[in-house]
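This report describes the architecture of one chain and its contact with a partner chain. The sequence and the coordinates are shown first.

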Amino acid sequence: MNKRIEYIIEKAILLSGIASVVFVILIFIFLLKEGLSLFGTENFFSFISGKNWYPISDPPQFGILPLILGSVFVTFGAIVIAVPLGIAVAIYIAEVAPLRFRDILKSGIELLAAIPSVVLGFLGIVTLAPLLKHLFNLPSGLTALAGSTMLAFMALPTIVSIIEDSIVSVPRNYKEGSLALGATHWQTIYRVILPAASSGILAAVMLGIGRVIGETMAVLMITGNAAVMPTSLLQPVRTLTATIAAEMGETVGGSSHYFALFAIGIILFIISFIINLLADWFLHKK
Amino acid sequence: MMNTKRTEKIAFSALLVLTLLVIAPVVMIFAVLLIKGLPAITPEFIFSMPRDGMRAGGIFPAIVGTFYLALGTAVFSIPLGIMAAIYLNEYAAQNWLTRTIEIAIINLAGVPSIVYGLFGLGLFVSLFGVSILAGSLTLAIMTLPTIITATREALNAVPRSFREVSYSLGASRWQTVRNVVLPNAVPGIITGVILGLSRAAGETAPILFTVAAFYLPHLPQSVYDQAMALPYHIYVLSTQVPNVSSKIQYGTILVLVGMVFILNIIASYLRARFRRRKTW
């Protein structure tokens, strides 16, 4: 009897293990099932490269290039801000900060990671947007730059913790060898430790990009939501994610607009899949 | 020589400034939320229904909704996550299946939250309607990677020798897991579960089309009902309803952030205590 129960439990454990694979496949299948329906009536190439996103005009136009570029602009800006900052913070925490201060800083970073994105979106509307409006003399502060700044902030906990881990896991004797040769601590950091941690830094950049490109609520709230071809970071933009969030509520199930939003989902899914595989590859590269 | 020392000093100071540039806004955010939100927190605000198109009254249904969603997420994700971690850490061999599962988990962790929303809409909403059940299932799958990863780490921290002793006494693999490994991993597992659930409670995108109600001035009666939820309510109050007093906005945010924050403190307390007590 006991053997029987044990057998059932172990099978349940095996199934639970496999469940994650099933979920990934299910997610992809359901995105494909709804999203591919769009391409019965629309041309895939004009979907990807069309410059007009007018989903509710008659006839509707489903060109997602402005949305892709919106995501690219916001992500690019965020990574440019977050990566150097993340490297600096990670070095400071891992190598420079006094022990007690280090714990405080780490809790601060963890706290940042815990703030829900909708809250940061709200704070972006009331603080960051007016600041940018004033700073650059814009008609509205709700721009790609606002999104980039806020997303840089949101991506930092991920970036910092991965880079910090990879700095800490640089073998001790690298550091000691360098110090023994008379290099200063700082020379050791940027000549020895950072190069040795480079694949971790690349992984952090990849995961940072993944985090930023998939972010939805804060971006929806602070990038100004204009689905037009962006030309500068100081313009309102609309990202892929924000488009789904903003428009799905108004679509009718089974309409081409509904299918088009799922098709955007397919693209997001594939992008995040590739980015995460790359990040994992960098992390486990010897 | 003097020069390199000075370079180092400048570099380290620059690093400190950049670090403070990141940490200071975090501290400021919490200070602002407390200062502006605290005056709004009254028993009436917490325990009454919204009135005047959500411009007055309380946020009780949103609090209850978020509580139900967290509970629903827990019911589905905790057993599944823990068992999956047990499989990976205690049973799985180093083979293609294990590698496939690991890659799947990494990708589940990276799927954008709005894509979970689409998936929930495509699968769970078509099965159960826009409901607490559909929202909980969507959030549960999203939370799974966090719980699996944390549980796996906790299991992995239990020394090999514990298992070997158990086997040598004639215990089977499952008996060893149940009586030796799991009890020693409980604090780590709880920490992971709390962090996963607190993240789920703050998510908006996955619940947008699966459960969230714009305005619902009564409490949900069953798992097939829609519900209000704090994160979505914050979105509504800050972008969809004109002329909401900032007191109500900050009050609502403080309730959500306070919940998430307290859960995080509990988690890090448990983690710290566990690390100290560990004597092996």
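Among contacts in chain B between residues at least 6 apart in sequence, what percentage join residues at least 24 apart? In this predicted model, 77% of such contacts in chain B do so.

**Chain B overall**

Ten helices and two strands make up the elements of chain B. Their order from the N terminus is α-α-β-β-α-α-α-α-α-α-α-α. Along the principal axes, the C-alpha atoms of chain B fill a box of roughly 70 × 70 × 35 Å. Of the 280 residues in chain B, 49% are buried.

**Helix α5(B)**

The helix α5(B) is largely enclosed by the rest of the structure, because 13 of its 16 residues are buried. At B:Leu121, α5(B) bends by about 40 degrees. B:Gly129 follows α5(B) and has a positive phi, near 80 degrees.

**Contact between chains A and B**

Chain A contributes 63 residues to the contact, and chain B contributes 62 residues. On the side of chain B that touches chain A, the elements giving two or more residues are α1 (2–37), α3 (60–91), α4 (96–110), α5 (113–128), α6 (132–156), α8 (173–202), α9 (230–240) and α10 (246–277) of chain B. The largest share of this side, 15 residues, comes from α1(B). The table divides the residues of this side of chain B by class.

| Class, side of chain B that touches chain A | Number |
|---|---|
| Nonpolar | 44 residues |
| Polar | 16 residues |
| Charged | two residues |

The helix α5(B), with 13 of its 16 residues buried, is thus also among the elements that give two or more residues to the side touching chain A.

Technical notes. Residues numbered from 1 in each chain as written. Chains lettered and ligands numbered in written order. Predicted model: local features only at pLDDT ≥ 70, side-chain atom pairs only at ≥ 80, totals over all residues. Contact = placed C-beta atoms within 7 Å. Helix = DSSP H or I, 4+ residues; strand = E, 2+ residues; numbered from the N terminus. Nonpolar A, V, L, I, M, F, W, Y, C, P; charged D, E, K, R; others polar. Bend = angle between axes of the 7 residues up to and from the residue. Buried ≥ 20, exposed ≤ 12 C-beta atoms within 10 Å, placed from the backbone.
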